[in-house]
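User: Please go through this model with me in a series of questions and answers.

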Amino acid sequence: MPKNLQDTVKLNNGVHMPWFGLGVYKAQEGDEVVSAVKAAIRAGYRSIDTAAAYNNEEGVGQAVREAMEENGLRRDQLFITSKVWNSNQGYETTLQAFETSLNKLNLEYIDLFLVHWPVKGKYKETWRALEKVYKEGKVRAIGVSNFQIHHLEDLLSEAEVVPAVNQVELHPQLTQKELLTYCQGKGIQLEAWSPLGQGHLLKNDTLVSIGKKYGKTAAQVILRWDLQVGVITIPKSVNEGRIIENADIFDFELSAEDIAAIDGLNQNKRFGSDPDNFNF
Ligand code: NAD
């Protein structure tokens, strides 16, 4: 069980990834994303999750460089994730997209690079390109996002490198237990996107009342639950107070009974798109 904000999980290739990070989807390129990432690193965050599609990789890179300087951190103390967008999937186009992300971030390397969505007929070629940049040492780990079990089975039938991470929508109304068990069996670390249900779960009575017992907010209860069930989590906020609040989850432990009550909220409900039925 992670004991603090900097604690890491060892991925299947030996690379250590923080259990907790900042998501920056919809954080605007420029001042907004720069100040959010810097606030997070100041507060002790060490992992940032961006993507080519978020159009803020330049700001993320700038913030990382400034924060390293201001907080006396080395590059190897931070963990940066980005992702190849769907329109760039395919072998050559992914190789180019990787270089574009690296240039925009303006960092020596990326820690984790993901296939953003399982685009039919393309994701295996995309994966071959990720395997190439991984073998060249330009990225420390490679993984996927929004892959269901059947996508992983299909990928693993030909892959040379087993994905280190699968980042999927996961929260108390979409607990993804089957996928979690499957990924654990294959050595693939599951990571939760939209852990707060994009904010929709924060007034849930069960979560609020569990929080009251521990003196914590519903957001903190959810994020603590992620860690206790073995899932990496990357809540998004650009508000410094909330960035700090979300990470203040290392001083309490949910009881087995409360974990079960949160698991019981599952409705297989998605706030985002369905990986088996998306058109972008
Ligand atoms: P989220 O569940 O993290 O919720 C974010 C929303 O909750 C924001 O509106 C924020 O203002 C609000 N919020 C955050 N903390 C709060 C607090 N303590 N109190 C009240 N409100 C609070 O949703 P998300 O941004 O969709 O997901 C998190 C990250 O996951 C993204 O930023 C992105 O990095 C990643 N993501 C990945 C994919 C993918 O396809 N791989 C898709 C969506 C998101």
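**Strand pairing and burial**

User: How many bridges join strand 7 to strand 8?
Analyst: Strand 8 covers residues 165-169 and runs parallel to strand 7 in this predicted model. The number of bridges that join the two strands is 2.

User: Which residue in strand 8 is the bridge partner of Ser 145, and what is the hand of the crossover from strand 7 to strand 8?
Analyst: In strand 8, Ser 145 has as its bridge partner Gln 167. Between strand 7 and strand 8 the chain passes through helix 5, residues 149-156. This β-α-β crossover is right-handed.

User: How many bridges join strand 6 to strand 7, and which residue stands opposite Leu 114?
Analyst: Strand 6 spans residues 110-115 and runs parallel to strand 7, with 5 bridges joining them. The chain goes from strand 6 to strand 7 by way of helix 4 (residues 123-135), in a right-handed β-α-β crossover. In strand 7, the residue opposite Leu 114 is Gly 143.

User: How many of the 7 residues of strand 7 are buried?
Analyst: Strand 7 is formed by residues 139-145. It is largely enclosed by the rest of the structure, because the buried residues among its 7 number 6.

User: In what order do the 8 strands of the open sheet stand, and which strands stand at the edges?
Analyst: The pairing in this open sheet is parallel, and its order is 3-4-5-6-7-8-9-10. The edge strands each have a single partner strand, so one side of each is left without a neighbour in the sheet. These edge strands are strand 3 and strand 10 (232-233).

User: Over how many bridges do strand 4 and strand 5 pair, and which residue stands opposite Ile 48?
Analyst: Strand 4, residues 47-49, pairs with strand 5 in the parallel sense over 3 bridges. Within strand 5, Ile 48 has opposite it Ile 80.

User: Is Ser 82 buried or exposed?
Analyst: Ser 82 is placed in strand 5, which covers residues 79-84. Beyond residues up to four places away in sequence, it touches several residues, including Thr 50, Ala 51, Glu 57, Ser 101 and Phe 113. Its relative accessible area is 0%, so Ser 82 is buried.

User: Which residues have the most contacts inside the largest nonpolar core?
Analyst: Nonpolar side chains tend to be buried together in soluble globular proteins. The largest nonpolar core here has 89 residues. The residues with the most contacts are Leu 22, Val 24, Val 37 and Val 60.

User: Which residues does Val 34 touch, not counting residues up to four places away in sequence?
Analyst: Val 34 lies in helix 1, residues 31-42. With a relative accessible area of 10%, Val 34 is buried. Its C-alpha atom is separated by 13 Å from that of Asp 49, 15 residues apart along the chain. The residues touched by Val 34 are Gly 59, Gln 62, Ala 63 and Glu 66.

**Loop residues**

User: What is the phi of Asn 55?
Analyst: Most residues other than glycine have a negative phi. Asn 55 is found in the loop between strand 4 and helix 2 (57-71). Asn 55 is exposed, with a relative accessible area of 56%. Although Asn 55 is not a glycine, its phi is positive, at about 55°.

User: What is the relative accessible area of Asn 106?
Analyst: Asn 106 is found in the loop between helix 3 (91-105) and strand 6. Its phi is a positive value near 55° in a residue other than glycine. Asn 106 is partly exposed, with a relative accessible area of 48%.

**Annotated span**

User: How far apart do the end C-alpha atoms of residues 26-266 lie?
Analyst: An unreviewed UniProt entry places the feature "domain: NADP-dependent oxidoreductase" at residues 26-266. The span is 46% helix and 14% strand. Its end C-alpha atoms lie apart by 26 Å.

Key
Residues numbered from 1 in each chain as written. Predicted model: local features only at pLDDT ≥ 70, side-chain atom pairs only at ≥ 80, totals over all residues. Heavy atoms only, no water. UniProt positions renumbered as here; feature names shortened; annotations may be inferred. Helix = DSSP H or I, 4+ residues; strand = E, 2+ residues; numbered from the N terminus. Core = buried A, V, L, I, M, F, W, Y, C linked by side-chain atoms within 4.5 Å. Buried < 20%, exposed > 50% of the residue type's maximum accessible area, 1.4 Å probe, protein only. Pairing = 2+ DSSP bridges. Right-handed = clockwise from strand over helix to strand, strands pointing away. Contact = heavy atoms within 4.5 Å.
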